[in-house]
Amino acid sequence: MSDCLFCKIAGGEIPVEFVYEDDDVVAFRDINPQAPLHTLVVPRRHIATLNDVQPEDAELIGRMYLAAQRVAADAGVAEPGYRTVFNCNAQAGQTVFHLHLHVLGGRAMQWPPG
Ligand code: 5GP
Ligand code: ZN
């Protein structure tokens, strides 16, 4: 999608530092961090929301979680703990309509989430 922010970031059109990347996903720091660690894991391929994920995307979603696990380990939060979040559509607060997995850590998290 030519005017999608995360397509531009994943494709290198908007330069950001990737903290992790492989053939399928990239990960970079959130511009407005909500925790000491706040990284976004983003598939290179455009998928708008979690509602648009298809059965054939199951491996990709698994790879996103493996990337999140790696990001958390590299940031030193694997043992103390961290949270992963997909916001889907308006009531969940999704603002960027290219699938992304939030990886949050480095502080105690509240439950239930706001
Ligand atoms: P959502 O609200 O859609 O679940 O999450 C979108 C996230 O993308 C937000 O946490 C927001 O701060 C982040 N974000 C929006 N624009 C940019 C950007 O240009 N660069 C980076 N690194 N993060 C962004
Ligand atoms: Zn996109």
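Figure 1. Ala-48 is partly exposed, with a relative accessible area of 23%; here buried means under 20% relative accessible area, exposed over 50% and partly exposed in between, computed with a 1.4 Å probe on protein chains only. The structure is a predicted model, in which local features need pLDDT of at least 70, side-chain atom pairs count only at pLDDT 80 or more, and totals for chains, interfaces and linings use all residues. Residues are numbered from 1 along each chain as its sequence is written, chains are lettered from A and ligands numbered from 1 in the order in which they are written, and side-chain values use heavy atoms, with hydrogens and water left out. Ala-48 belongs to the loop between β3 and α2; helices (H or I, at least four residues) and strands (E, at least two) are DSSP runs numbered from the N terminus. Neighbours within four places in sequence aside, Ala-48 is in contact with Gln-94, Phe-97, His-98 and Leu-99, contact meaning heavy atoms within 4.5 Å. Ala-90 is 42 residues from Ala-48 in sequence, and their C-alpha atoms are 13 Å apart.

**Figure 2. The zinc ion (ligand 2) and its protein donors.** Cys-4 (SG), Cys-7 (SG), His-46 (ND1) and His-98 (ND1) lie 2.0 to 2.3 Å from the zinc ion. Donors are N, O and S atoms within 2.8 Å of the metal (3.2 Å for Na, K and Ca); water is not among the atoms, so sites may look incomplete. The angles subtended by the 4 donor atoms are 105 to 117°, which makes the arrangement tetrahedral; for four donors this label requires all angles to lie between 85 and 135 degrees. The ideal angle for four tetrahedral donors is 109.5 degrees. Along the chain, the donors of the zinc ion follow the spacing C-x2-C-x38-H-x51-H. Cys-7 lies in helix α1 (residues 5-10) and His-46 in the loop between β3 and α2, so this pair ties together parts that are 39 residues apart in sequence.

Figure 3. Cys-7 is buried at 16% relative accessible area, whereas His-46, at 23%, counts as partly exposed. His-98, in the loop between β4 and β5, is buried with a relative accessible area of 0%. Beyond its neighbours within four places in sequence, the contacts of His-98 include Cys-4, Cys-7, Val-42, Pro-43, His-46 and Ala-48.

**Figure 4. Strand β3 and its pairing with β2 and β5.** In β3, 7 of its 7 residues are buried. Leu-37, Thr-39, Val-41 and Pro-43 point one way from the strand, and His-38, Leu-40 and Val-42 the other way. Strands β2 and β3 run antiparallel and are joined by 5 bridges; two strands pair if DSSP finds at least two bridges between them. Leu-40 is the bridge partner of Phe-28. β3 and β5 are also antiparallel, with 5 bridges, and Thr-39 stands opposite Val-103.

**Figure 5. Helix α2 (residues 58-75).** Leu-60, Ile-61, Met-64, Ala-67, Ala-68, Val-71 and Ala-72 are the buried residues of α2. Seen down the helix axis, the buried residues fall within an arc of 135°, so they line one face; the arc is that of the directions from the axis to the C-beta atoms. Elements covering them include β1 (18-21), β2 (25-29), β3 (37-43), β4 (82-85) and β5 (101-105). Ala-58, Glu-59, Leu-66 and Asp-74, on the other side, are exposed. Just after α2, Gly-76 has a positive phi of about 80°.

Notes
The expected span of a helix is 1.5 Å times one less than its number of residues. Four donors count as tetrahedral if all angles lie between 85 and 135 degrees; four count as square planar and six as octahedral if opposite donors are over 155 degrees apart and all others between 65 and 115; anything else is irregular.
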